[in-house]
Amino acid sequence: MTGHAVLAHGGDAVLAHGGHAAEGSGWLPLLPVGLLAGGYLWAAVRDPRGWDHRRTAAWLVGCALLAVAVGPLGQLPGDPRGHMAQHLLLGMLAPLGLVLGAPVTLLLRVSPPRVRRAVGRLLRARPLHLLAHPVTAALLSTGGLALVLLTPLYATAERQPVLHHALHLHHLAAGYLFAWSLAGPDPAPRRPGLAVRVGALIGAATGHSVLAKHLYESVTQTS
């Protein structure tokens with residue numbers, strides 16, 4: 001979180017160009033957020049054993065943070081601090097709430113056997129193990145942020161709403177994978193040991209700090 005917070009100061013000059021692609025899309029991204037919240041609540045009330053209310057609260061908090069990110073913060077064109085706050089919510093805080101909601105466990109508890117078998121096969125699939133490895137997830141999260149801030153990709157996305165929302169989806173998915181790979185309550189076959197997970201966390205924090213320092217130096221040199 002520290003690295004992201006520093007980026008909010010160091011990224012101002014990098015993010016100050018261009019308009020905001022969300023201007024043309026309005027509040028439409030709130031629709032899938034509402035579906036996520038409603039679908040989860042529907043599944044929770046169907047759990048025959050009674051679903052943990054703390055899990056439900058965590059999921060709804062995650063959805064609320066996601067709604068703030070794609071709603072109010074998405075309507076602030078040209079505001080670099082608002083943009084960085086949006087990244088914080090999409091890439092870190094909202095994914096944490098969603099992961100703590102344990103949606104896969106809930107799905108397994110309310111689904112028929114056929115669906116449970118399909119989910120089990122997916123969880124045991126090698127491609128998912130590679131994608132959800134803490135090191136891979138850290139690279140996707142930190143590398144994705146660096147790609148946006150240090151290349152013309154951000155300026156391009158500002159002119160292309162589809163690309164803009166695709167980047168938001170990437171930040172959310174990468175943040176979710178990272179949180180899940182470190183300490184998610186959902187089943188994660190072949191999850192690496194504590195040393196690997198702590199190392200990935202330290203590596204991600206270091207990457208964010210290096211990126212923040214680079215951006216801060218860029219701002220200092222141009223001011």
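Helix axes are taken here as lines fitted to C-alpha atoms over the stretch in contact, and the angle between two of them runs from 0 to 180 degrees between N-to-C directions. In this predicted model, helix H3 (residues 30–46) packs on helix H6 (residues 103–110) at an angle of about 50°, and their axes lie 9 Å apart.

**Packing of H3 and H6**
- Because angles from 65 to 115 degrees count as roughly perpendicular and those under 35 as roughly parallel, the two helices H3 and H6 are classed as oblique to each other.
- The crossing in which H3 passes H6 is left-handed.
- On the H3 side the contact is made by Tyr40, Ala43, Ala44 and Arg46, which meet Pro103, Leu106 and Val110 of H6; of these contact residues, 6 are nonpolar, none is polar and 1 is charged.

- Ala102 sits in the loop between helix H5 (80–100) and H6, and its phi is near 50°, a positive value in a residue other than glycine.
- Most residues other than glycine have a negative phi.
- Since buried means under 20% relative accessible area, Ala102, with a relative accessibility of 3%, counts as buried.

**Helix H9**
- Helix H9 (residues 134–150) contains 17 residues and spans 23 Å from its first C-alpha to its last, which is close to the 24 Å expected at 1.5 Å a residue.
- Its buried residues are Pro134, Ala137, Ala138, Ser141, Thr142, Gly144, Leu145, Val148 and Leu149.
- In an α-helix there are 3.6 residues a turn, so residues three or four places apart point the same way.

Notes:
Residues are numbered from 1 along each chain as its sequence is written. This is a predicted model: local features need pLDDT of at least 70, side-chain atom pairs count only at pLDDT 80 or more; totals for chains, interfaces and linings use all residues. Side-chain values use heavy atoms; hydrogens and water are left out. Helices (H or I, at least four residues) and strands (E, at least two) are DSSP runs, numbered from the N terminus. Angles under 35 degrees count as roughly parallel, over 145 as roughly antiparallel, 65 to 115 as roughly perpendicular and the rest as oblique. A crossing is left-handed if the near helix is turned anticlockwise from the far one by less than a right angle, and right-handed if clockwise. Contact means heavy atoms within 4.5 Å. Ala, Val, Leu, Ile, Met, Phe, Trp, Tyr, Cys and Pro count as nonpolar, Asp, Glu, Lys and Arg as charged, and the others, Gly among them, as polar. The expected span of a helix is 1.5 Å times one less than its number of residues. Buried means under 20% relative accessible area, exposed over 50%, partly exposed in between (1.4 Å probe, protein chains only).
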